[in-house]
Structure formats: structure tokens, C-alpha cells
Amino acid sequence: MLETIWFLLWGVLWAVYFVLDGYDLGIGTLVPFLGKSDTDRRVMFNAMGPFWDGNEVWLITAGGVTFAAFPKAYAVMFSGLYTPLMLLLFALIVRGVSLEFRHQVDSPAWRKVWDWGATIGSFVPALLLGVAFANIFMGLPLDENGVFQGNLLTLLNPYGLAGGVLFVLLFVMHGALWLTIKSEGDLHQRAAKLTRKLWPVLVALIGVFVVLTAIYTNLLSNYLLNPLMLVLLVIPILALVLLRQQIGKEQWWAAWGLSAAIIAGLTLFGVVGLYPALLPSSISPDYSITITNAASSTLTLSIMLGVTLVFIPIVAAYQFWLYRTFAHKVTEKELAQDGAY
């Protein structure tokens with residue numbers, strides 16, 4: 001029972017991370033396309049400025065839960081996926097450094113370098129996260145000892161690349177919607193126009209990915225055994241339909257919430273489809289890393305659950321306060337303050 005609870009918590013934490021840091025990564029990716037002036041780019045950076053480092057807490061939490069609750073899965077994941085995970089880490093470091101270094105020297109050339117650093121440091125993590133999770137959904141070539149029998153190129157298969165492209169597009173849409181909330185004037189209009197153009201592309205790509213999921217993975221097996229669980233797929237599909245309606249009405253907070261529901265729903269649909277596996281093996285199902293053979297002791301899981309039930313609500317409450325405090329649009333007056341990016 002505890003193993004199942006922690007499996008669900010593991011999936012929820014990844015979903016929360018994708019929702020919260022997803023728009024940061026999306027905005028960073030969009031800098032060269034929507035940032036027509038230095039002021040536009042400053043607005044984009046300040047739109048995520050108070051939030052981005054707090055959002056990454058959920059990445060650390062998801063990784064920490066993997067380590068503490070399922071140490072064998074952590075060991076296999078960080079050894080087999082060492083190269084993409086290190087690339088992800090370095091890209092996130094570049095993004096953080098870019099945001100902090102950009103304003104240190106008053107030079108257009110200097111700022112341009114760090115603008116591209118923020119873009120690369122946003123696009124690469126979005127792509128790699130999609131590739132990694134798509135490969136996990138499909139199954140990794142793990143032998144009987146949990147050793148990854150492949151390399152980086154093994155992960156760059158059609159389904160993995162489709163997952164990478166889907167994550168990038170989901171995050172770009174999420175980021176553009178956040179930008180409509182936080183910006184004014186021409187930048188707001190460009191972001192709004194982009195969301196209208198992205199919606200049909202996103203619908204098509206999600207449709208293609210679901211079809212590929214049925215072909216390349218066994219995720220649907222759990223849902224065929226428990227058809228009621230298909231509600232996890234109904235939620236993102238319904239949110240996707242309503243998203244177009246809210247974009248048309250220019251109800252940007254509602255649209256952003258629906259975008260969050262799409263990201264969380266698709267993530268949980270994939271994770272629940274894995275159950276009871278954490279890292280399925282494409283070589284043999286017997287070699288899969290599951291909640292049974294990877295879990296910590298019952299005592300460890302019990303203590304951790306108590307700690308989690310205390311501290312996760314505190315972190316969530318703090319972030320709720322943070323979002324309410326900085327829910328206003330980024331104005332020129334705010335850009336003139338010393339603490340602005």
C-alpha cells in the first residue's frame with residue numbers, strides 16, 4: 001500500500017514540476033521570437049523572475065522522492081540516463097546564470113549572449129525531459145542487473161523524439177499564455193496571437209503522440225483492465241477543447257489553468273499507465289524496475305510520508321502566496337526598480 005501511495009506521489013510531483021517550471025522553460029524558448037526589443041526581453045525575464053527558482057524546488061523534490069522512496073530506480077535512472085540528465089543539469093545551470101548575469105554589464109553584445117543562454121537553457125531541458133519520459137513510457141533496454149544496454153542515440157528514437165517535441169510545444173504554449181497574463185501592449189498581442197496559432201498544432205501533435213503511444217508502449221494495458229481510469233485522458237482532452245474557447249474570449253488566467261490541466265493530465269496518464277513499473281524494461285518485463293523491487297523499507301516510507309504530509313502543504317502555501325503577490329503585470333515602473341532583471 002505504501003509503495004502505491006509513493007508511486008502516485010512520485011507522479012504528482014513530476015506533474016507539478018512540469019506545470020510550474022514548464023511556463024518558465026516556454027518563455028525562455030520564446031525569447032528570440034517574441035522579444036523584439038530589450039524592453040520586451042526584460043519583461044519576459046521578469047515575468048518568470050520571482051518564480052523560476054522556486055519552481056525548480058519541485059524538480060529537486062521529485063528527484064529526492066525517487067532517491068528516498070525508490071533508491072534502486074534512482075540508481076538505474078541516473079546511471080542509464082547519465083548523459084541526458086547531465087545535459088539537463090548543465091542547461092538549467094546555464095539558464096539560471098543567464099538570468100542573473102544578463103544585467104551585470106551594460107552592453108548589447110553581452111546581453112545578447114545571455115539571452116541566447118536563457119533560450120538554450122530553456123529549450124534543451126524541455127526537449128530532454130520529453131525524450132526521457134517518452135523512453136520511460138516505451139521501456140528502457142535494461143538487463144537482469146538493471147544495467148542500461150544502450151547510449152544517448154538509443155533514446156533518440158521516433159517515439160522519444162515525438163515526446164521531446166510534444167514537451168517543447170506544451171511548454172511554449174504554457175509560457176505564451178503566462179506571458180499574456182504578465183505583459184502589456186505589443187508583446188501581449190504577439191503572445192496572444194501565438195497561442196491562437198499554436199492551438200491547432202498542439203491538438204494535432206497530441207493526437208499523433210497518443211496514436212504512437214498505442215503503437216510503441218504498453219501504457220494502455222492498465223486502462224483496458226480499469227476503463228474508469230481513462231478519465232485521466234479525458235481531462236486533458238476536455239481541457240484542450242476548452243482552451244481554444246478561453247483563448248478566443250481572452251480569459252488568460254482560465255486558459256493558463258487549462259494548459260496546466262493538459263500538462264498534468266498527460267503526465268499522470270503516462271505515469272499511471274506504467275504501474276506497477278517505474279522503469280519498464282524493453283528487453284524483458286521480468287527485468288523491469290517496479291515499486292516492489294525498488295522500494296525502501298516500510299519504516300522509511302512511513303516516516304517519509306509523515307514528513308511529506310507536513311512540509312509539502314507548507315511549500316505549496318508559500319508558492320500560492322508568492323503567485324498572488326506577484327500576479328500583477330510587469331510594467332515599465334517595475335523594470336526601473338533595482339531588483340528587476
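View 1. Arg196 counts as partly exposed, at 30% relative accessibility (buried means under 20% relative accessible area, exposed over 50%, partly exposed in between, with a 1.4 Å probe and protein chains only). Glu250 is partly exposed too, at 44%. Their side chains meet in a salt bridge (3.1 Å, N to O); the term stands for a side-chain nitrogen of Lys or Arg within 4 Å of a carboxyl oxygen of Asp or Glu. This is a predicted model: local features need pLDDT of at least 70, side-chain atom pairs count only at pLDDT 80 or more, and totals for chains, interfaces and linings use all residues. Residues are numbered from 1 along each chain as its sequence is written, and side-chain values use heavy atoms, leaving out hydrogens and water.

**View 2. Arg190 meets Asp40.** Here the closest N and O atoms of the salt bridge are 2.5 Å apart. Arg190 is partly exposed at 22% relative accessibility, whereas Asp40 is buried at 15%.

**View 3. Arg95 meets Glu56.** In this salt bridge the closest N and O atoms are 2.2 Å apart. Arg95 is buried, with a relative accessible area of 0%, and Glu56 is buried as well, at 15%.

**View 4. A network of salt bridges.** Look here for Asp38, Arg41, Arg102, Asp106, Arg111 and Asp115, which salt bridges link into a network. The count for the model comes to nine salt bridges.
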